[in-house]
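Open the model in your viewer and keep the selection tool at hand. The tour goes stop by stop.

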Amino acid sequence: MKFCTKTQDLLKAYNKATNDLLIELLERSGWEDICFYKYENGKLKSCESDEGTEFQAGDGSDDCERMSGHWIGEDIGGILVINEEWFIKPEILKQALELKTANIEDVFDYYDYEYEETEKQRPVLTFTNWYKLNCK
């Protein structure tokens, strides 16, 4: 029984740390009111970041532009889908945060670059190297 509790605690801590990376990057990018949700009995319910497989954020303006996303397969730490357009790996979120000045728009730009280079069958730089070369 203790093993299950410890495993659950570790998973909860991992989920919170992963979603906290997302929160920090979104806040750095000017997004506010970040809320997490999870499916429970087929319904989407508000929850803490350690359980949240879905999120929404607002930009704080009067028009209230929204951003939303979810972890594919409700697997926090797998692939994050933002606005049904961007498929983001947690490693990229971590690299962006380590750079101290990168934001979510830089991550989106990097994925545009990665797609273009892959289409041209050219080598792709890591996010960190791409960011430093672009002098952001």
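Select E98 first. At 47% relative accessibility, E98 counts as partly exposed. This is a predicted model.

E98 forms a salt bridge with K94, and the closest N and O atoms are 2.8 Å apart. K94 is also partly exposed, with a relative accessible area of 45%.

Then step to K100, which follows helix 2 and has a positive phi, near 70°.

Next, go to helix 1 and pick D20 and K16, which lie four residues apart, about one turn of the helix. Their side chains meet in a salt bridge, 3.0 Å from N to O. D20 is partly exposed at 27% relative accessibility. K16 is partly exposed too, with a relative accessible area of 38%.

Move on to K38 and E51. The side chains of K38 and E51 form a salt bridge, with 3.3 Å from N to O. This pair links distant parts of the chain, 13 residues apart: K38 is in strand 1, and E51 is in the loop between strand 2 (43–47) and strand 3 (54–58). Is K38 buried or exposed? K38 is buried, with a relative accessible area of 17%. E51, at 33% relative accessibility, counts as partly exposed. How many salt bridges does the structure hold? The structure holds six.

Now for the surface patches. Select E24, E27, E32 and D33, which form a negative surface patch. Helix 1 (2–28) and strand 1 (32–40) are the elements that give two or more residues to this negative patch. E32 has its place in strand 1. E32 is partly exposed, with a relative accessible area of 40%.

For the last stop, select I72, I79 and F87. They make a nonpolar surface patch of about 250 Å². Zoom in on I79, in the loop between strand 4 (66–71) and strand 5 (80–82). I79 counts as partly exposed, at 30% relative accessibility.

Technical notes: Residues are numbered from 1 along each chain as its sequence is written. This is a predicted model: local features need pLDDT of at least 70, side-chain atom pairs count only at pLDDT 80 or more; totals for chains, interfaces and linings use all residues. Side-chain values use heavy atoms; hydrogens and water are left out. Patches are made of residues with over 30% relative accessible area and no salt bridge: like charges are joined within 9 Å, nonpolar side chains (Val, Leu, Ile, Met, Phe, Trp, Tyr) within 5 Å. Accessible areas come from the Shrake-Rupley method with a 1.4 Å probe; for residues, only the protein chains shown count as cover. A salt bridge is a side-chain nitrogen of Lys or Arg within 4 Å of a carboxyl oxygen of Asp or Glu. Lys and Arg count as positive and Asp and Glu as negative; His and the chain ends are not counted. The place of a charge is taken as NZ of Lys, CZ of Arg, CG of Asp or CD of Glu. Buried means under 20% relative accessible area, exposed over 50%, partly exposed in between (1.4 Å probe, protein chains only).
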